[in-house]
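Thank you for asking me to look over this model with you. I have set out my remarks as numbered points, so that you can follow each of them with the structure open beside you.

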Amino acid sequence: MTYEIICAGFGGQGVMLIGQLLAYGGMLEGKEVTWFPSYGPEMRGGTANCSVVVSDQPVGSPVVAEPDGLIALNGPSLMRFMGSVKPGGVIVYNASLINEVPEDRPEVRLFGIAANELAEKLGNDKVGNMIALGAFLGLSKVVGLASIEAALKEVLPERRHHLIPLNISALHKGWALVEG
Amino acid sequence: MERVMMKGNEALAEGAIRAGCRFFFGYPITPQNEIPEYMARRLPEVGGVFLQAESEVSAINMVYGAGGAGARVLTSSSGPGISLKLEGISYIAGAQVPCVIVNVARGGPGLGGLTPSQADYFQATKGGGHGDYRLLVYAPGNAQEMVDLMGLAFDKAEEYRNPVMILTDAIMGQMMEPVVLPPLRTVTAEQPWATTGKQGRKKPNLINSLGIVGEELERINIELQAKYDRMAAAEARYEADGTAEADLIVVAYGTSSRVARSAIARLRQEGKKVGLFRPVTLWPFPQAVLASLAADGKRFLVVEMSAGQLVEDVILAVNDRAKVSFFGKLNGTVPTVREVYDRIRSLLPEGGEG
Amino acid sequence: MKKIFAYPRALTQKRTHYCPGCTHGIIHRLVAEAIDDLDIQERTIGIAPVGCAVLAYDYFDLDFQEAAHGRAPAVATGIKRVHPEAIVFSYQGDGDLASIGMAEIIHAAARGEKITVIFVNNTVYGMTGGQMAPTTLPGQKTTTSPYGRDTATVGYPIRVCELLATLDGPAYLARVSVHDPAHIVRAGKAIRQAFAMQMAGKGFSLVEVLSSCPTNWGMTPVQALSWIKEKMIPYYPLGVFRAPEEVTGDDV
Ligand SMILES: Cc1ncc(C[n+]2csc(CCOP(=O)(O)OP(=O)(O)O)c2C)c(N)n1
Ligand code: SF4
Ligand SMILES: [Mg+2]
C-alpha cells in the first residue's frame with residue numbers, strides 16, 4: 001500500500017514539521033517514506049507545503065500530485081489542493097481560518113477543526129498543527145500515534161524537547177476529536 | 001541497522017564525511033546550499049576544514065590544490081557555478097587529481113531558475129571543459145545512494161586518479177528519505193604521487209597538465225584514454241527492473257526515474273509489461289546492456305527533465321536496433337506520474353494513441 | 001505649492017518582492033529619484049546583479065541588462081564603451097561585488113571606467129539564504145559561519161570604499177547608510193553626486209550603502225536598522241573616500 005499526503009499552510013504554522021513527523025513515524029514503523037518540501041521562490045509567497053509518501057515498497061515520485069490525504073492549515077492551501085485529493089481520501093482543514101469550504105467533494109472525508117482556538121485552550125497557540133495532525137491520524141490511520149510520539153524526539157531539536165509533552169497532548173486532543 | 005531521515009543534500013555531505021573527506025571548498029548557490037551549510041557545522045567536529053571561497057573559480061582551484069596534495073576533497077555547486085568550475089575541472093582531469101564534484105542541477109541556460117532540471121547531462125558526461133577528458137559520473141536514485149555513491153566516488157577517484165562527478169537535481173537534494181549510514185572512515189590511503197614536500201624522495205612529485213614539449217601531450221592523452229577505456233570496461237552501473245519480460249522499457253535517472261517508477265507501478269497493476277532501466281553511471285554509460293535489450297526486440301521511452309540529452313546516449317547504444325521515444329520537460333517542473341503513465345500507455349500496443 | 005512627495009518616474013509601479021523591512025526598496029527609490037532629478041531617465045542603462053536585486057529590471061523604468069554573478073562592472077564597461085553618452089550604472093550586493101566580482105570591480109575602478117556603481121552592503125548573501133559574505137562582521141553568525149565569523153580561519157571583512165580608494169581611477173567613492181531618515185537624505189545626495197560625476201565625465205563613481213537584511217539576520221525590521229547603526233557603522237565608517245576638489249565632504 002502507498003499513502004500520499006500533502007501538508008500545507010502559511011510559513012510558520014509548522015506544516016513542514018508535521019510532514020516530517022509523518023515521514024519519520026512511518027520510517028520507525030519500518031515503512032519506506034519520503035518527505036519533500038516546497039523550497040526557494042515558492043516559499044517567498046509566505047505559503048509552505050510538503051509532500052509525504054508512506055509505503056510498503058520503495059517510493060517512486062516524492063512529489064505528490066494526487067494525495068490520499070491533505071492537511072490544510074489555511075484557506076489558500078485548501079483552495080489549491082483540495083481538488084486534487086483522490087476519491088476516498090481524507091482532508092483535515094483548519095476551521096479557525098476557513099469559514100467556507102471552497103469546493104464540494106462528497107467522495108472525500110472532510111473534517112474541519114478549530115485548530116487555533118483548540119491550541120489556545122491547551123495554552124500554546126503554536127500547537128494547532130499537532131492537533132490537525134492528531135485528527136488526520138485518527139481518520140487515516142496511516143501512521144500510529146505512538147510512532148509520531150517517538151518521532152518527536154528525533155525531529156525536534158534538543159532545545160525544544162521540553163515541548164514534547166505539550167505536543168503529545170495536542171496530538172491526542174486532535175485524535176480524540178475524530179474518535180469521539 | 002539504524003535508519004535516519006536525511007535530506008539528499010545532507011546525505012551527500014555526511015556520506016563524504018563518512019568516506020573520510022575532510023576538506024570542502026565551495027560557494028553558495030541554490031539548490032545545493034544545504035551541503036556547504038552542513039559542512040560548515042560538521043567538518044570542524046571531525047577536525048576537517050570548511051572554507052567558503054570567493055567564487056566557484058576559486059573553489060575548484062582550492063580543490064585542485066587539496067586533491068593534488070593528497071587529501072579527500074569535495075566541492076558542490078549547481079549549473080551556473082559548475083560552468084565556472086569547468087576550467088578547473090579540465091585542469092584537474094589533465095593533471096589526474098582525484099576529487100569529487102557535486103552538481104545539484106537547476107534549470108538553465110544562463111541564470112535560469114531554481115527548479116530541478118536534468119539539462120546539465122551533456123556538460124557532465126561529454127566533457128564541458130576543454131580537451132579530451134572524462135569524468136566518472138554517478139546519478140543517485142535515492143538518499144541511500146547519495147551516501148553510498150559518495151563513498152564509492154571517493155574510492156574510484158583515488159583508484160583512477162580522476163575527478164568524479166555526482167549529478168543530481170533540486171528534488172533529490174531537497175527530499176528527505178531514510179538512510180543507513182556507514183561507519184566513519186578516518187584514515188585514508190597515502191597517495192605516493194601527491195605534493196607533500198619531497199620528504200626524502202629522490203624525484204619531486206609534480207601535479208601538472210602541461211604537455212608542451214615534444215610528444216609529451218600525445219603521451220599524456222594516450223595515457224588518459226587508456227585509463228578511460230579501463231573505466232568504461234569496469235565501472236558502468238545500472239538498475240534494471242523488470243526489463244527482461246517488458247514490452248517497453250523506460251530509461252530514466254534521478255528524479256525522472258522516481259516518477260517513472262510510480263507510473264510503471266500503476267501500469268503493472270493493470271497487467272502491462274513495462275520495465276525500468278536506470279543508469280547509475282551516466283559516464284561510463286551502460287550501453288552494452290541497453291544494446292542487448294534492444295537486440296531482444298524491446299522498445300524504449302526516455303524520460304528526462306531536459307530537451308533530450310540522455311536520449312542521445314540511448315539512441316547511440318541501441319544503434320537503430322530499436323525504436324526510442326522521448327518525453328521531456330522544459331519548464332523546470334517535474335513530470336507528473338500521470339503524464340508519464342499516459343505517455344507510456346500511448347506507446348503500448350493496446351494502449352491506443354490516448 | 002511645491003510637491004515634496006511624488007512617486008519617482010524612473011520606477012515602475014510593480015510591487016517589489018523584497019522582504020518586509022528590507023532596505024533594498026529604499027535604495028531603489030533613492031536611485032530613481034537621482035535619475036529623475038538629473039533628468040537622465042531616457043539615457044540611463046542599468047545592470048542588475050545576481051542577488052536579491054536580480055529583478056531590479058522589473059522595478060526601474062529603464063533599459064536594463066542582467067549580468068552573471070559578479071560580472072556587472074564588466075557588462076557596464078561593454079555598454080559604456082558602445083554608448084559613451086549613456087549613463088550606465090550597476091546595482092550590486094556585497095557577495096556579488098566584493099566576493100565573486102572582486103576582479104571586475106577593481107579593474108573597472110582602476111580603469112576609471114565612467115560608470116556608477118550602487119553597492120548594497122548587507123553583510124550576507126541575502127538571496128541564497130544568509131551565508132557568510134566578504135563583509136560579514138567578525139563573530140557574526142551566518143549559515144556558513146554557524147559558530148560566528150572566525151577571523152583566524154576565514155579572515156577579515158573587506159572595506160570596499162577604502163580598498164578602491166587606494167586606486168587612482170575612481171572619481172567618487174562614498175559610504176552611506178539608510179537606517180534613519182536623516183541618513184536616507186544624505187544617501188540620496190551621495191547617489192545623485194555619483195551620477196552627476198559620470199555625467200561630467202569625471203570617471204568611476206561608487207556609493208556603498210549599508211543596508212538591512214532582517215530575514216537573514218533573524219531580526220525585526222526595527223532591530224535590523226539599529227544593528228546597522230550600532231554594529232555596521234563602527235566597522236564601516238560613513239563618509240566620502242574620494243571626490244574631486246570642487247565636491248566637498250559636506251555634500252554627503
Ligand atoms: C556563478 C554563480 N554562483 C552562485 C550563484 C548563487 N547566488 C545567487 S545570489 C548570490 C549572492 C547574493 O548575495 P549579495 O550579492 O550579497 O546580494 P544580496 O542578496 O545580499 O542583496 C549567490 C551566491 C549564482 N547565481 N551564480
Ligand atoms: S533576503 Fe534580505 S536582502 Fe533579500 S529581500 Fe529579504 S531582507 Fe532583503
Ligand atoms: Mg548581500
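This is a predicted model: local features need pLDDT of at least 70, side-chain atom pairs count only at pLDDT 80 or more; totals for chains, interfaces and linings use all residues.

1. I would begin with chain B, which is divided into domain 1, covering residues 2-234, and domain 2, covering residues 239-352. The C-alpha centres of these two domains of chain B lie 28 Å apart, and 30 residues of domain 1 are in contact with 24 residues of domain 2.

2. How much area do domain 1 and domain 2 of chain B bury between them? The value is about 2,300 Å², with 55% of it on carbon and sulfur atoms. On the side of domain 1, the residues that lose the most area to domain 2 are B:Gln118, B:Tyr121 and B:Phe122, which together account for 33% of what that side buries.

3. Between domain 1 and domain 2 of chain B there are three salt bridges, as well as 15 residue pairs in polar contact, counted where both residues have pLDDT 80 or more. A salt bridge that you can look up in the structure joins B:Arg258 to B:Glu177, where the closest N and O atoms are 2.7 Å apart. Among the elements that give two or more residues to the side of domain 1 that touches domain 2 are α5 (121-125), α6 (143-160) and α8 (216-234) of chain B. Sorted by class, that side of domain 1 has 18 nonpolar, six polar and six charged residues.

4. Turning to the interface of chain A and chain B, we find 21 residues of chain A in contact with 22 residues of chain B. The area buried between these chains is about 1,800 Å², of which carbon and sulfur atoms give 64%. In chain A, the residues that lose the most area to chain B are A:Met27, A:Trp35 and A:Tyr39, together making up 29% of what that side buries.

5. Across the interface of chain A and chain B there are two salt bridges, and eight residue pairs are in polar contact, both residues having pLDDT 80 or more. B:Arg338 forms a salt bridge with A:Glu66, with 3.0 Å between the closest N and O atoms. Which elements of chain A give two or more residues to the side that touches chain B? They are α1 (15-28) and β2 (32-37), and β2(A) gives the most, with six residues. The residues on that side of chain A divide into 12 nonpolar, six polar and three charged.

6. Ligand 1 lies between chains B and C, and 23 residues surround this ligand, the closest being B:Glu56, C:Cys52, C:Gly95, C:Asp96 and C:Gly126. Chain C approaches oxygen atoms of ligand 1 in several places: a polar side-chain atom of C:Asp94 lies 3.2 Å from an oxygen atom of the ligand, a backbone N or O atom of C:Gly95 lies 2.9 Å from an oxygen atom of ligand 1, and an N or O atom in the side chain of C:Asn122 is 3.0 Å from an oxygen atom of ligand 1.

7. Ligand 2 is surrounded by residues of chain C, including C:Cys19, C:Cys22, C:His24, C:Cys52 and C:Cys213. Helix α9 (residues 214-217) of chain C gives the most to this shell, with three residues, and by class the shell around ligand 2 has six nonpolar, five polar and no charged residues.

Conventions
Residues are numbered from 1 along each chain as its sequence is written. Chains are lettered from A and ligands numbered from 1 in the order in which they are written. Side-chain values use heavy atoms; hydrogens and water are left out. Domain bounds come from an automatic or database domain assignment. Contact means heavy atoms within 4.5 Å. Buried area is the accessible area (1.4 Å probe) that two parts lose on being put together, summed over both. A salt bridge is a side-chain nitrogen of Lys or Arg within 4 Å of a carboxyl oxygen of Asp or Glu. A polar contact is a pair of N or O atoms within 3.5 Å; within protein, one must be able to donate a hydrogen and the other to accept it, and residues adjacent in sequence count only if both atoms are side-chain atoms. Helices (H or I, at least four residues) and strands (E, at least two) are DSSP runs, numbered from the N terminus. Ala, Val, Leu, Ile, Met, Phe, Trp, Tyr, Cys and Pro count as nonpolar, Asp, Glu, Lys and Arg as charged, and the others, Gly among them, as polar. A residue is near a molecule or strand if one of its heavy atoms lies within 4 Å of it.
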